[in-house]
Amino acid sequence: MDPKAVHGFVGNKLSFSEVTPRDGIRMAAEMAAEDVVAIIGASGLRGRGGAGFPTGKKWEFARSQEGSSKYIICNADEGEPGTFKDRLILTDFPELVFAGMAIAGRAVGAEFGILYLRAEYGWLREHLDAALERCRAANTLGNNILGASDFSFDISIRMGSGAYVCGEETALLESLEGRRGDARNRIPFPVQAGYLGKPTVVNNVETLAWVPCIMVKGPSWFAAMGTRKAPGAWLFCVSGDCKRPGIYEYPFGTSLRQILSDVGAENAKAVQVGGASGTCVPPAQFDRTMTPGDLATGGSIIVFGAGQDMFAVAENFQHFFCDESCGQCIPCRLGNQRMLEAIGKMRKDGLTVDGERNVRQLAQTMTVASKCGLGQMSARAFLSILNNFSGELPGHV
Amino acid sequence: MDAQQTLRTEVEQLVRVHGRTRTALMPILQDLNRAHSYISEDAMLAVSDALNVPRAEVYGVATFYSYFSVKPRGTYVIRICRTISCAKQGEYHPAIAALFDELEIGMGETTSDGMFTIEQTNCIGMCDQGPAMMVNEIPHIKLTEASVRSILNEYRHAALAAKKAQ
């Protein structure tokens with residue numbers, strides 16, 4: 001199928017449309033590996049999957065590992081509810097993502113790349129394979145890239161089979177190795193021992209797409225877009241009760257109110273920022289900004305209008321976590337089930353003092369004792385709804 | 001050749017494509033799942049032997065991922081997005097109601113002719129264009145009662161045409 005059939009609305013001009021991927025690869029090909037790492041480090045680029053780890057630092061760790069067998073993995077297992085930017089990036093800018101992977105390969109000394117594509121995006125496979133062939137024909141992938149005798153890199157695509165947890169990088173590695181998507185313990189980190197035990201960089205689709213842009217336009221161009229503490233811009237996926245849902249690019253530091261005005265959602269009752277594992281923001285806090293440390297996000301913005309029952313939202317997200325918990329650790333497997341029961345009960349009978357204390361204790365246990373981000377984050381949405389919208393529960397005085 | 005032998009031959013062909021390594025397990029299961037709409041016990045045994053991976057681990061992987069099934073399903077697996085961002089449709093959006101009405105089955109069930117199975121799924125990345133569903137690997141967006149009925153008819157025609165071609 002033609003990916004354009006489900007392209008969707010893009011609300012403003014994207015920086016990605018201003019860069020030729022080949023130019024980024026050429027710059028990297030003419031540079032020493034440590035200089036490539038230094039440029040990405042200087043830009044302040046952080047991972048766009050949600051955790052926000054500095055990309056330059058991750059690459060430096062991988063670069064300093066011994067051995068020649070290393071891997072660059074593009075995490076295209078976009079599964080956070082309300083997130084669809086990878087869909088757009090892989091449709092419109094696949095060569096930019098592949099260039100980002102090749103440049104990462106140059107930087108850390110890796111010759112193999114794998115793009116792990118979620119099953120739900122299987123319809124993009126043909127389109128991506130065709131883009132890979134174009135890159136090989138243009139020698140921006142393959143042996144001796146753009147004539148550089150010490151720069152070879154190629155990419156293969158591997159499919160997921162439907163598991164949110166595989167967006168967690170160590171679960172993704174397990175899946176690539178032919179196992180259940182059970183998150184691994186760290187240490188070791190993937191940059192030390194990742195895919196098949198080799199040093200591995202796992203970067204998000206959007207992170208990699210920024211890489212050639214930074215190479216071409218310079219780290220100061222990127223840094224100038226955001227704030228001093230949070231350099232750069234970000235793609236936001238806006239859905240829910242708004243007039244113009246779609247993809248929007250904003251620099252860090254943009255206020256939520258600005259975004260709501262642009263998408264036609266001035267009268268929102270609440271906004272879920274960061275997907276099911278994010279937080280629910282009430283109108284009194286709409287002046288907060290999209291910045292790590294304030295509203296950190298993986299890019300998902302779901303708008304709720306006047307008619308929305310907020311505890312129905314909490315229950316919907318809680319169902320999601322029950323479905324998607326991998327089941328290996330108890331705080332997450334059982335905690336999410338108990339939390340779902342508790343939300344159902346409070347929607348029916350209201351909230352007692354004991355009930356609230358129990359559910360907050362449970363949330364804390366899940367947050368501190370779960371093995372991976374899934375369980376650690378899964379109580380956030382519910383708690384923010386409880387803190388701001390408990391007036392909607394029956395029997396509330 | 002009996003059915004089991006045919007399966008083993010099929011698995012051997014897949015091993016030639018994907019390799020006789022543990023990392024080939026997912027791609028092989030994905031191909032089997034696509035070809036048969038599910039992964040049968042015989043198929044799991046054949047894969048276990050071919051890759052020398054313990055049977056319990058093949059079963060573990062086959063039952064972990066939501067796109068895999070170890071029970072027979074329809075030729076077309078319809079997955080309805082149940083995430084609240086997807087136009088907040090739930091099971092009761094008129095378009096989704098039309099789907100159940102047209103196929104006369106409930107969630108998780110398969111039509112008696114073995115053509116369609118309806119399942120729920122989490123976010124499929126079409127939140128800006130919901131309500132949305134996948135039919136096998138193809139997404140369908142901005143669903144309405146009318147579009148759901150015509151989409152189902154297209155798949156029925158496709159299945160008929162495929163049958164005639166055999």
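How many residues does helix H6 (residues 145–165) of chain B have, and how far does the helix reach from its first C-alpha to its last?

This is a predicted model, in which local features need pLDDT of at least 70 and side-chain atom pairs count only at pLDDT 80 or more, while totals for chains, interfaces and linings use all residues. Residues are numbered from 1 along each chain as its sequence is written, and chains are lettered from A and ligands numbered from 1 in the order in which they are written.

**View 1. Helix H6 of chain B, residues 145–165.** Helix H6 of chain B has 21 residues and reaches 31 Å from its first C-alpha to its last, close to the 30 Å expected at 1.5 Å a residue; the expected span is 1.5 Å times one less than the number of residues. Helices here are DSSP runs of H or I with at least four residues, strands are DSSP runs of E with at least two, and both are numbered from the N terminus. Of the 21 residues of H6(B), the number buried is one, so this helix lies largely in the open. A residue is called buried if 20 or more other C-beta atoms, placed from the backbone, lie within 10 Å of its own, exposed if 12 or fewer do, and partly exposed in between.

**View 2. Helix H2 of chain B, residues 25–36, and its cover.** With 12 residues, helix H2 of chain B reaches 16 Å from its first C-alpha to its last, close to the 16 Å expected at 1.5 Å a residue. The buried residues of H2(B) include B:Leu25, B:Ile28, B:Leu29 and B:Leu32, and what covers the buried residues includes E3 and H7 of chain A, together with helices H1 (3–18), H3 (41–51) and H4 (55–62) of chain B.

**View 3. The open sheet of chain A.** Four strands of chain A form an open sheet in the order E3-E2-E1-E4, with parallel pairing; two strands pair if DSSP finds at least two bridges between them. The edge strands, each pairing on one side only, are E3 (154–159) and E4 (200–204) of chain A. Strands E1 (residues 71–76) and E2 (residues 112–117) of chain A pair over six bridges, and A:Ile73 has A:Ile114 in E2(A) as its bridge partner. Helix H8 (residues 205–217) of chain A packs on the sheet, touching E1 and E4 of chain A, and its direction makes about 95° with that of E4(A). Such axes are lines fitted to C-alpha atoms, for helices over the stretch in contact, and angles run from 0 to 180 degrees between N-to-C directions.

**View 4. Surroundings of A:Val271.** Leaving aside neighbours within four places in sequence, A:Val271 is in contact with residues including A:Leu256, A:Val281 and A:Phe304, where contact means that the C-beta atoms of two residues, placed from the backbone, lie within 7 Å.

View 5. Most residues other than glycine have a negative phi, and most peptide bonds are trans. The peptide bond from A:Arg186 to A:Ile187 is cis, with omega near 10°, and another cis bond, with omega about 0°, joins A:Ile187 and A:Pro188. B:Glu104 has a positive phi of about 55° and counts as exposed, with 9 C-beta neighbours inside 10 Å.
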